[in-house]
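Here are my notes for someone opening this one for the first time.

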Amino acid sequence: MSERTAGASRADLVADAALALLAERGMRGLTHRAVDQAAGLPQGSTSNLARTRQALLELTVRRLAEREARVLALHEMPDPRAGTGSLVDALALATHRALTRNRELTLARYELALEATRRPELRAYFDAAGARFRDQLVALVTGLGSTEPDRHALSLIAWADGLMFSCVAGSFSARVPSLAEVRSDLGELLAGMLGRP
């Protein structure tokens with residue numbers, strides 16, 4: 001497990017193992033016993049930390065949000081005053097990271113998103129975890145002069161999600177677009193939204 005470090009808490013070890021299992025085996029492969037084995041922990045460790053399946057899923061969603069925040073590098077997002085090009089560069093890099101070195105994390109996110117459609121209590125938790133990025137994107141496109149920032153943020157997220165799904169789990173999974181291609185597509189999308197060349 002790439003995210004496992006000597007200083008990681010037991011909760012992080014459990015959640016990282018759960019994310020890896022979701023990517024490898026899907027939701028059916030996520031059991032307390034399987035997490036114990038994948039994390040290299042004594043049997044019963046996961047149950048002691050997250051007694052129910054819902055608690056395990058919530059712990060996993062929380063860790064997913066932490067790890068995706070690093071992938072998306074929210075702290076690196078540019079000031080809107082830096083212009084559209086800076087935002088395109090940052091979003092393209094984040095999207096490309098999700099398609100390449102963080103592919104496993106992206107797969108796990110789709111597994112959790114689908115499960116959330118069947119579990120209202122998880123849906124609320126999942127949506128709250130994703131609100132940080134959505135809110136920041138709304139603020140960024142507002143700063144760039146968007147007249148409909150909520151709609152434009154939704155369009156950008158839908159585009160990125162569609163690209164990631166197609167290239168990680170869909171019919172384009174055999175070929176990941178280059179960073180330059182992702183940047184070009186995003187530039188065209190943002191220029192159309194903002195009415196700029």
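1. A word on burial before anything else: a residue is buried when its relative accessible area is under 20%, exposed when over 50%, and partly exposed in between (1.4 Å probe, protein chains only). By that rule Asn102, at 14%, is buried.

2. Some housekeeping. This is a predicted model, where local features need pLDDT of at least 70 and side-chain atom pairs count only at pLDDT 80 or more, while totals for chains, interfaces and linings use all residues. Residues are numbered from 1 along each chain as its sequence is written, and side-chain values use heavy atoms, with hydrogens and water left out.

3. Back to Asn102, which sits in the loop between α5 and α6 (103-116); helices here are DSSP runs (H or I, at least four residues), numbered from the N terminus. Ignoring neighbours within four places in sequence, Asn102 is in contact (heavy atoms within 4.5 Å) with Val71 and Arg97.

4. Those two partners turn up again where α4 (residues 53-72) meets α5 (residues 84-99): the contact is made by Arg70, Val71 and Leu72 from α4, and by Ala94, Arg97 and Ala98 from α5. The helices pack at about 125°, with axes 8 Å apart; axes are lines fitted to C-alpha atoms over the stretch in contact, and angles run from 0 to 180 degrees between N-to-C directions. That makes α4 oblique to α5, since angles under 35 degrees count as roughly parallel, over 145 as roughly antiparallel, 65 to 115 as roughly perpendicular and the rest as oblique.

5. How enclosed is α5 by the rest of the structure? Largely, because 12 of its 16 residues are buried. Among them are Leu87, Leu91, His96 and Leu99, and the buried residues of α5 pack against α4, α6, α7 (120-143), α8 (149-168) and α9 (179-194).

6. Finally, have a look at Leu105 in helix α6, buried at 5% relative accessibility. Leaving out residues up to four places away in sequence, Leu105 touches Leu19, Leu64, Arg67, Glu68 and Val71.

Terms used: Helices (H or I, at least four residues) and strands (E, at least two) are DSSP runs, numbered from the N terminus.
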